[in-house]
Amino acid sequence: MRIGLLINDPATEHPEYTTTHLGIAATNLGHQVWTMSVSDLAYDPDDHIRARAYRVPEKHYRSGHAYLEALRGKTAIHERINLDEIDVLLLRNNPADEVIARPWARLVGINFGRLIMRNGVIVLNDPNGLSKAVNKMYLQAFPQEVRPRSLITRDRGEI
């Protein structure tokens, strides 16, 4: 299976992140795992979504440190791939990390995820669900019995 992991930036990934563990597990099971950042995505003139993507050499990885070292190192495989040809894309980027330094990147995963879905690729987390949950108002759509009592305001006096 060809799996894509969309992250903020390979340089900022940590060995203990869930995304790193997902990459290790899938690679160790024999899947081809491509990692790409939001800045690696491109909507090409031929209407295909492509990305500069990276994957580790095929071997068994025992730690997040070893996996990330291989992903960032000279032995990593770098290729421009067509995302229509992967089986699953996991949206693992954190839009909140992009608000200040790269505001353009905040919604890239959601927007590109929607385009990739229309071509039959399974996209997890669902970009349509993510777009509904981009702020604190999302919880207000849940029944009162299952959501925390909340005050959403910018007024310090009310808080």
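Residues are taken as buried under 20% relative accessible area, as exposed over 50%, and as partly exposed in between. In this predicted model, Tyr-138 has a relative accessibility of 32% and therefore counts as partly exposed. Phe-142, with a relative accessible area of 34%, is likewise partly exposed.

A pair of aromatic rings is described by the distance of the centres and the angle of the planes. The count of aromatic pairs comes to two. In one of them, the ring centres of Tyr-61 and Tyr-67 are 5.6 Å apart and the planes stand at 90°, which is over 60 degrees, so that this pair is edge-to-face. Tyr-61 and Tyr-67 are both buried. Tyr-138 and Phe-142 also form an edge-to-face pair, with 5.3 Å from centre to centre and 80° between the planes; here, as set out above, Tyr-138 is partly exposed at 32% and Phe-142 is partly exposed at 34%.

Turning to charged side chains, a search of the whole structure finds five salt bridges. One of these joins Arg-52 and Asp-40, with an N to O distance of 3.0 Å. This pair links distant parts of the chain, since Arg-52 belongs to strand β4 (residues 49-55) whereas Asp-40 is placed in the loop between β2 (32-37) and β3 (41-43), 12 residues apart. The relative accessibility of Arg-52 is 45%, so this residue counts as partly exposed, while Asp-40, with a relative accessible area of 5%, is buried.

A salt bridge is also formed by the side chains of Arg-80 and Asp-44, at 2.8 Å from N to O. Because Arg-80 lies in strand β5 (residues 77-82) and Asp-44 in the loop between β3 and β4, the pair ties together parts that are 36 residues apart in sequence. Arg-80 is partly exposed, its relative accessible area being 46%, and Asp-44 counts as buried at 12% relative accessibility.

The side chains of Arg-55 and Glu-58 meet in a further salt bridge, for which the N to O distance is 3.8 Å, a value that falls within the 4 Å cut-off. Arg-55, at 13% relative accessibility, counts as buried, whereas Glu-58, at 72%, counts as exposed.

How values were computed. Residues are numbered from 1 along each chain as its sequence is written. This is a predicted model: local features need pLDDT of at least 70, side-chain atom pairs count only at pLDDT 80 or more; totals for chains, interfaces and linings use all residues. Side-chain values use heavy atoms; hydrogens and water are left out. Rings of Phe, Tyr and Trp (its six-membered ring) pair if their centres lie within 6.5 Å; planes under 30 degrees apart count as stacked, over 60 as edge-to-face and the rest as tilted. Buried means under 20% relative accessible area, exposed over 50%, partly exposed in between (1.4 Å probe, protein chains only). Helices (H or I, at least four residues) and strands (E, at least two) are DSSP runs, numbered from the N terminus.
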